[in-house]
Every structure is written in C-alpha cells, then in structure tokens.
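Please keep the sequence and the 3D view open while reading.

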Amino acid sequence: MEKTVPATFQSSSTSTAADAVEDYRSRGWTVAETANGACLITDEHVAAVELTGPLATEVRRFLRANKLSGPVIEIPGAERREIHLVVGVAKAALAIEALRGAGATVHTDGASIPLPPTRLTRGCAEWAIFPAEARWIPPVVAIAAAVHAAAPARRLAEIAC
C-alpha cells in the first residue's frame, strides 16, 4: 500500500500567516490573531479609511499621482473595497467628518481590520500596496483631500451618464 504524504498547504499557510503577524507587530501595530488570519486593531497610532466603488478608484489615482500612497488593503467582493491605513486621527475631527459625509467608513478606536492573508467570505484580504512598498502611512487628512479632489470627477461622471 502506498504511503500518503500529508498536504503541506495548511502548514505553509500557517507559516505565512505567522510571518505576516510578526511583520505587522514589528511595525508597532496592534494585531489580533484569529482563526482566519489576523486583524489590525485600530488605536491612536494607526486607523483606517474604507472606500468603495468609483470613489476608491479615484482616490487611489489621486494619491498615486501625488506620491501620497500608503498601505492599502483590497477586500474581495462584488464591489471594489479598499482600506487605506492612516495616522493622525486624534487631531482630524473635521477631516473624519468630511470623509464620513462623502460615504467613507473611518475605522478608529479599537475597530478590527482584516490584514492579509486573512480569509474572508469571498476570498482573502490582499495588499494593493504593501506596507514595505509605501514610503509612509499617510495622515487621514491626505485621504480626506483625495476624497475631496475626487468629488468633482465623480459629479462629472454622474452627469455624463
């Protein structure tokens, strides 16, 4: 009888997840391990802004063109969802209010954000821009400025359609 060799997928996946958690913690992030991966716990140091649909596309374009991009997590699903990691939320109440008014979700004060390679219902969270590729984690006001800059483009697109 032929001996069955156990699959290595699970162990390599676990190793990758463990390495990722170690990397995230080395950055000073508060990370919680879950059965499906790891989550960033937002705090006074790192928070997140979630954007969807065309707004996510326009904001990413603006940030890239102005060399303001930071780490971005893509969440799989029917509609484009991106989570931009940010700093500086403690002194940015007006920027946060403007972001929420524009339809963004601002995750602060202990909110849990899935970090790659966390498994989700429709796939895995993935880095669109890896933290190691980003030169910084932008302040939340930079994302607010990008959303504000994207607003005229969104209005023109709505009028044209």
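## Basis and conventions

Helices (H or I, at least four residues) and strands (E, at least two) are DSSP runs, numbered from the N terminus. This is a predicted model, in which local features need pLDDT of at least 70 and side-chain atom pairs count only at pLDDT 80 or more, while totals for chains, interfaces and linings use all residues. Residues are numbered from 1 along each chain as its sequence is written, and side-chain values use heavy atoms, with hydrogens and water left out.

## The sheet

Five strands make up an open sheet: its 5 strands follow the order S6-S3-S5-S4-S10, with antiparallel pairing, where two strands count as paired if DSSP finds at least two bridges between them. S6 and strand S10 (126-129) are at the edges and have a single partner strand each, so one side of each is left without a neighbour in the sheet. From one strand to the next, the twist averages 30°; axes are lines fitted to C-alpha atoms, for helices over the stretch in contact, and angles run from 0 to 180 degrees between N-to-C directions.

Strand S5 (residues 81-86) is joined to S4 by 4 bridges in an antiparallel arrangement, and these two strands form a hairpin with 5 residues between them. S5 is also joined to S3, again antiparallel, by 6 bridges. Arg-81 in S5 takes part in both pairings, as the bridge partner of Ile-75 and of Thr-52. Of the 6 residues of S5, 5 are buried, a term that here means under 20% relative accessible area, with exposed meaning over 50% and partly exposed in between (1.4 Å probe, protein chains only).

## Helices against the sheet

Helix H2 lies across S3, S4, S5 and S10, and runs at about 120° to S3; contact here means heavy atoms within 4.5 Å.

Ala-95, Ile-96 and Leu-99 are the buried residues named in H3, and they are on the same side of the helix because they cover an arc of only 100° around the axis, the arc being that of the directions from the helix axis to the C-beta atoms. Ala-93, Leu-94, Glu-97 and Gly-101 are exposed on the other side of H3. Just after this helix, Gly-103 takes a positive phi of about 100°.

## Nonpolar cores

In soluble globular proteins, nonpolar side chains tend to be buried together. A nonpolar core is defined here as a set of buried Ala, Val, Leu, Ile, Met, Phe, Trp, Tyr and Cys residues joined through side-chain atoms within 4.5 Å. The largest such core has 21 residues, and those with the most contacts inside it are Val-49, Leu-51, Val-59, Val-86, Leu-99 and Val-140. At least two residues of this core come from each of strand S3 (47-52), helix H2 (53-65), helix H3 (93-101) and helix H4 (140-160), and the largest share, 6 residues, is that of H4.

A second, separate core of 17 residues includes Val-21, Trp-29, Ile-73 and Trp-127.

## Backbone details in the loops

Most residues other than glycine have a negative phi, and most peptide bonds are trans. Lys-67, in the loop between H2 and strand S4 (72-75), has a positive phi near 55°, and it counts as exposed because its relative accessible area is 63%. Asp-109, in the loop between strand S6 (105-107) and S7, has a positive phi of about 50° although it is not a glycine; its relative accessibility of 75% makes it exposed.

A cis peptide bond, with omega of about 10°, joins Pro-116 and Pro-117. Pro-117 is placed in the loop between strand S7 (112-115) and strand S8 (119-120).

## Cysteines

How many disulfides does a search of the whole structure find? The search finds 0, a disulfide being a pair of cysteine sulfur atoms within 2.5 Å. Cys-39 counts as buried because its relative accessibility is 11%, whereas Cys-124, at 32%, counts as partly exposed.
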